[in-house]
Every structure is written in C-alpha cells, then in structure tokens.
Amino acid sequence: MSRLGLYPGTFDPVTNGHLDIIGRAVKLVDTLVIGVAINAGKGPLFSLEERCAIVEEETAKLDTNGAKIVVQPFQGLLMHFARELGASVIVRGLRAVADFEYEFQMTAMNQQLDRNIETVFLMADPRHQAIASRLVKEIA
C-alpha cells in the first residue's frame with residue numbers, strides 16, 4: 001500500500017526551512033504532494049504559477065529517498081483537498097510555540113472533519129527556526 005502525504009502552505013517564497021521539512025517528510029511517505037495554497041487573503045508577493053515553479057525547481061535538487069514529489073495548487077478547505085488526493089497524512093512544520101498554538105487548533109478542527117487523516121508535526125531544524133517567508137519578503 002502506498003502512503004501519500006500532503007505538505008500544504010503558501011510558499012511565498014519557499015524557504016530553506018520548508019525545504020528541510022520536505023526533505024525529512026519524504027522519508028515518511030511514498031508520495032509527497034506539496035499543496036501550494038491559492039490564498040489571496042495573504043496577498044502573495046509571487047503569483048501561484050511562480051510559487052509552484054519555484055517549489056518544483058527547488059525540490060528537484062533534493063534527495064527524495066525514492067519518494068515522489070508532486071507540486072499541486074489548491075484552494076478551499078485543506079481537508080477536502082487531502083481527501084481528494086487520498087492522503088493519509090498531513091505534514092506540518094513547527095518553529096516555535098506560536099506555531100504550536102495555531103497548529104493545535106487547526107489539527108483539532110481537521111480531526112473533526114476526517115479522523116482517518118493524521119497530522120504529523122516535524123520540528124524545524126534549529127538553523128532554520130527563525131526563517132519565515134514573511135521575513136524573507138521584508139528583507140528582500
């Protein structure tokens with residue numbers, strides 16, 4: 001049985017922290033779908049097409065441990081997208097306590113929507129804990 005994981009995010013832009021999580025997530029699944037969120041509310045700096053292309057370009061350089069990486073845009077509820085894909089796992093990265101508070105609430109809600117899809121948290125590598133797309137955009 002093939003295990004499909006979903007790593008969702010805006011990836012505006014993709015950071016070394018994201019790539020670290022992706023590189024570790026591929027050790028847990030056979031296929032990792034990187035769901036690039038269509039989130040106009042966040043006012044992305046890069047277009048959806050640019051964000052997908054950047055993620056594809058950067059992930060092509062990773063050692064995937066034999067796992068397949070697919071980059072796919074999505075909009076709407078994450079759990080609906082996960083169900084459509086047949087994902088058994090949602091991968092989320094945590095940097096700090098503030099991330100945990102938000103993710104804790106989201107996980108509780110997602111479990112109410114579908115108890116068959118697990119959420120797995122990977123702690124950010126300490127070298128990347130201070131990196132956030134928002135900060136990268138401000139510096140740029």
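Helices here are DSSP runs of H or I with at least four residues, strands are DSSP runs of E with at least two, and both are numbered from the N terminus. With that in hand, P13 sits in the loop between β1 (4-9) and α1 (16-25). This is a predicted model, so local features need pLDDT of at least 70 and side-chain atom pairs count only at pLDDT 80 or more, while totals for chains, interfaces and linings use all residues. Residues are numbered from 1 along each chain as its sequence is written, and side-chain values use heavy atoms, with hydrogens and water left out.

**The loop between β1 and α1**

- D12 and P13 are joined by a cis peptide bond, with omega at about 0°.
- F11 lies in this loop too, between β1 and α1.
- Although F11 is not a glycine, its phi is positive, at about 50°.
- F11 is also buried, with a relative accessible area of 2%; buried means under 20% relative accessible area, exposed means over 50%, and partly exposed is in between (1.4 Å probe, protein chains only).

- N65 is found in the loop between α2 (48-59) and β3 (68-74).
- Its phi is near 60°, a positive value in a residue other than glycine.
- Is N65 buried or exposed? N65 is exposed, at 53% relative accessible area.

**Aromatic pairs**

- How many aromatic pairs does a search of the whole structure find? The search turns up 2.
- The rings of Y7 and F11 have their centres 5.4 Å apart and their planes at 70°, so this pair is edge-to-face.
- The rings of F74 and F81 have their centres 4.6 Å apart and their planes at 5°, so that pair is stacked.
- For the cut-offs, rings of Phe, Tyr and Trp (its six-membered ring) pair if their centres lie within 6.5 Å; planes under 30 degrees apart count as stacked, over 60 as edge-to-face, and the rest as tilted.
- Y7 and F11 are buried, and F74 and F81 are both buried as well.

**Helix α3 and what follows**

- In α3 (residues 78-85), the buried residues include L78, M79, F81 and A82.
- Those residues cover an arc of only 160° around the axis, which puts them on the same side of α3; the arc is that of the directions from the helix axis to the C-beta atoms.
- As a reminder, an α-helix has 3.6 residues a turn, so residues three or four places apart point the same way.
- After α3 comes G86, with a positive phi near 85°.
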